[in-house]
Amino acid sequence: MKNIISIIKYKFATKKIIGLGSPLLDIQAEVSQEFLQKYGLKLNNTFFAEEKHLQLYEELLQIPTHSHVPGGSALNTIRLARWMAQAQRDEVKFIGCVGMRDKFAKMLIESTNQDGITALFDEQQYPTGKCAVLLCNKDRCLIPLIGASAHLSKEFVDKHIEEVKTAAILFCEVYFLYPRAELTKYVFKVAQESNVNTCLSLSSVNAVSDRFNEILSILPYIDYLFGNEEEVGQFGKNFGCKGSLEQIMQKIAAFNKVGVRDRVVVCTQGHKPTLIASKNDFLNVIVETVDSSKIVDTNSAGDSFCGGFIAQLLNGPDLIKCAKAGNYSAAQTIQHEGSTIPKYQPDFK
Ligand code: ADP
Ligand code: MG
Ligand code: MG
């Protein structure tokens with residue numbers, strides 16, 4: 001797979017990464033049982049925000065120990081990629097949408113900038129996207145509000161389309177297809193025509209089945225597809241493919257493709273080996289053990305994996321090394337709570 005032809009086909013000229021997706025401000029705080037009851041919430045559940053939850057985000061900001069970080073699956077990946085590549089601010093950018101002149105937008109833009117990412121954020125008349133992460137003893141509850149992030153306009157994307165065309169890598173999440181499938185397809189088509197390495201992550205099992213037709217319509221423009229074993233398994237079901245993960249992945253890899261590169265499908269399996277398939281090849285990459293006493297939070301392990309993978313891809317498509325870089329960055333982030341960027345420099349060679 002690491003052959004001369006694929007290396008020549010790789011776009012070497014630039015080291016730029018561009019992300020596309022729903023930026024959300026993650027606001028985390030330790031709360032009481034009374035707080036949960038007040039908003040009708042239960043631990044270990046996700047509640048998509050309704051009208052009655054809107055005040056909750058304001059209230060969280062009043063809790064002295066609250067913290068906030070940029071979130072949203074694709075933005076997490078891009079933040080980790082920036083860290084792994086130790087890239088400059090002008091090399092790693094993210095296109096998304098926030099609310100117009102609301103304080104959460106300001107917080108999200110500032111914290112994204114602090115993580116070294118250029119935030120190319122459209123502004124629309126909706127509340128800024130956010131996700132409350134409520135902790136109560138060791139359990140948690142999530143309240144996402146997609147808000148403005150669903151309203152990225154084509155006009156804004158067109159204003160920044162040169163950023164897409166001149167990038168080495170484009171990365172997006174299936175979650176973004178819920179509101180913006182047509183726009184995503186347009187961006188992927190432009191990127192593929194400009195020989196950008198295009199990447200999509202499958203987001204969740206439900207997202208795969210809910211948005212299967214949209215995924216298939218974008219798939220011809222996708223060079224790298226990422227998912228965990230459940231998401232790839234769900235893809236197989238929707239595809240009518242009853243075989244093993246290897247067979248499903250190879251079927252996805254062989255699906256209609258435009259552009260100069262063959263498609264690569266990457267499937268993570270937690271602590272089990274990472275699987276990589278192309279039309280004619282299949283690889284297993286062992287995951288180094290992380291002592292279970294050191295594992296704090298595996299929630300965005302997959303996002304972090306993609307970040308390390310695409311950072312390494314900037315140096316060329318050595319797929320085994322890319323997967324090892326993905327496993328390295330995921331191993332770092334599962335050792336602390338949430339999707340915060342490590343304070344130390346990456347130690348991956
Ligand atoms: P997702 O978060 O999308 O479910 P996975 O659970 O497959 O993704 O995890 C992605 C990556 O995170 C794995 O490939 C591995 O590198 C790392 N990882 C996750 N769980 C563990 C674990 N228990 N031990 C070591 N690495 C892990
Ligand atoms: Mg998992
Ligand atoms: Mg995942």
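Which polar backbone atom lies 3.4 Å from an oxygen atom of ligand 1? One of Gln269 does.

## Basis

This is a predicted model, in which local features need pLDDT of at least 70, side-chain atom pairs count only at pLDDT 80 or more, and totals for chains, interfaces and linings use all residues. Side-chain values use heavy atoms, without hydrogens and water; residues are numbered from 1 along each chain as its sequence is written, while chains are lettered from A and ligands numbered from 1 in the order in which they are written.

## Ligand 1

Polar contacts are pairs of N or O atoms within 3.5 Å. A polar backbone atom of Gly270 is 2.8 Å from an oxygen atom of ligand 1. Asn327 brings a polar side-chain atom to 2.7 Å from a ligand oxygen. Protein covers 83% of the 550 Å² of accessible area (Shrake-Rupley, 1.4 Å probe) that ligand 1 has on its own.

The shell holds 16 residues, each with a heavy atom within 4 Å of the ligand. Asn228, Thr268, Gly270, Gly302 and Asn327 are the closest. Strand E11 (264-269), helix H13 (301-313) and helix H14 (319-333) each give two or more residues. H13 gives the largest share, 3 residues. By class, the shell has 7 nonpolar, 9 polar and no charged residues; Gly counts as polar.

## Helix H4

Helices are DSSP runs (H or I, at least four residues); strands are E runs of at least two. H4 covers residues 73-85. At 1.5 Å a residue, its 13 residues should span 18 Å, and its end C-alpha atoms are 18 Å apart, which agrees.

In H4, 12 of 13 residues are buried (under 20% relative accessible area, 1.4 Å probe, protein chains only). Among them are Arg79, Arg82 and Trp83. Just after H4, Gln86 takes a positive phi of about 50 degrees.

Note on methods:
Expected span 1.5 Å × (residues − 1). Buried < 20%, exposed > 50% of the residue type's maximum accessible area, 1.4 Å probe, protein only. Polar contact = N/O pair within 3.5 Å; in protein donor to acceptor, adjacent residues only side chain to side chain.
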